[in-house]
Amino acid sequence: MKIVVTGAMGHIGSYLIRKLGDQFPKSEIVMIDNLMTQRFPSLFNLPKEVNYSFIEGDITQLDLNSIFKGAGVVIHLAAITDAAASFGNAEEVENNNYISTVKVANACLETNSALIAISSTSVYGTQELEVDENCTENELQPQSPYAKIKIKEEEYVAKLHFNKGLKSIHCRFGTIYGVSPGMRFHTVVNKFCWQSIMGEPISVWKTAYNQYRPYLDLVDASSAIIFIIKNDLFDGRIYNVLTENLRVCDLVETLKGYIPDLKIDYVDSRIMNQLSYKVLNERFKSKGFVSSGSLKRGIGEIIDLLKNSNSI
């Protein structure tokens, strides 16, 4: 099987390409990344039993039809992913994220490749206590330009699926945490771990301390994508994918188990002023997916990775 991964050097991609190699050892895995963040170590020590190839380039500029030719699956991870920062670069996010998704989706349609597109549970900005994939557009109420653009991407892919026959699925991922060769520290769990190890107070949004939000262990993110491929789950629907709904206070208490003298700095944020809500993932679980991720394990692995950097 030929599998193409865009954004392959990123936090999720750098972990996923190794798991794909483990699960599909006879496959050809084509990795695309523009290396804007220069995460070259993501390419180191890949499984030797797999035929890997790397293409450096901008998705919007590459000849995707020739790259995707013969691919069974395309996993589209390439994106600018910082929702909070998108208030200051909304035009850049749209030009990058939406345009690249449009191009990837059309190339998949042309080459008859199945598409796994990644969205985000940040599209939920509702006042409801529980939300699922059946929310209407009016009920979603996305709070950032990044989230609004994700909805636009979902709509475009769905239109190609139901009107043109694109084989696709869209996954709304919870906030990612965990260790990978290309890991970043801008999402809350990883960021908290970094701040605590550096002896800095963790930055907690004032309104968020007791609010529920969906989180996704990198282990479950990868397993979900592999589950979709193995079960040929390309029905054009949206699926929430998460490990569990947690409050910031849950993250803090788990972190205190590793850093007992943890310091907290309460700050304001323009995108965390809505009520608490839980994201339901019954649709995906009904297909047989079982999560195995764990916040305690995830935080423990990150702390173990960093603790020698500051005499912890």
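This is a predicted model: local features need pLDDT of at least 70, side-chain atom pairs count only at pLDDT 80 or more; totals for chains, interfaces and linings use all residues.
Reader: Which residue follows H5, and what's its phi like?
Author: Gly165 comes after H5, and its phi is positive, near 90°. Helices here are DSSP runs of H or I with at least four residues, strands are runs of E with at least two, and both are numbered from the N terminus.

Reader: Which H5 residues are buried?
Author: Among them are Pro145, Tyr146, Lys150, Glu153, Glu154 and His161. Buried means under 20% relative accessible area, exposed over 50%, and partly exposed in between, using a 1.4 Å probe and protein chains only.

Reader: Switching to H10: what caps its N-terminal end?
Author: Ser294 does, with a side-chain oxygen 3.3 Å from the backbone nitrogen of Lys296. A polar contact is a pair of N or O atoms within 3.5 Å; within protein, one must be able to donate a hydrogen and the other to accept it, and residues adjacent in sequence count only if both atoms are side-chain atoms.

Reader: What do the buried residues of H10 pack against?
Author: Strands S8 (175-177) and S12 (244-247), plus helices H6 (188-197) and H8 (248-256). With H8, residues Asp250, Leu251, Thr254 and Leu255 meet Leu295, Lys296, Ile299 and Ile303 of H10 (contact means heavy atoms within 4.5 Å).

Reader: New topic: is Asn281 buried or exposed?
Author: Asn281 is buried, because its relative accessible area is 13%. Asn281 sits in the loop between strand S14 (278-279) and helix H9 (282-285).

Reader: And what does Asn281 touch?
Author: Leaving out residues up to four places away in sequence, Asn281 touches Asn240 and Leu242. The Asn281 side chain reaches the backbone oxygen of Leu242 at 3.5 Å.

Reader: Last one: where's Lys48, and is it buried or exposed?
Author: Lys48 is in the loop between strand S2 (28-33) and strand S3 (51-56). Lys48 is exposed, with a relative accessible area of 81%.

Key
Residues are numbered from 1 along each chain as its sequence is written. Side-chain values use heavy atoms; hydrogens and water are left out.
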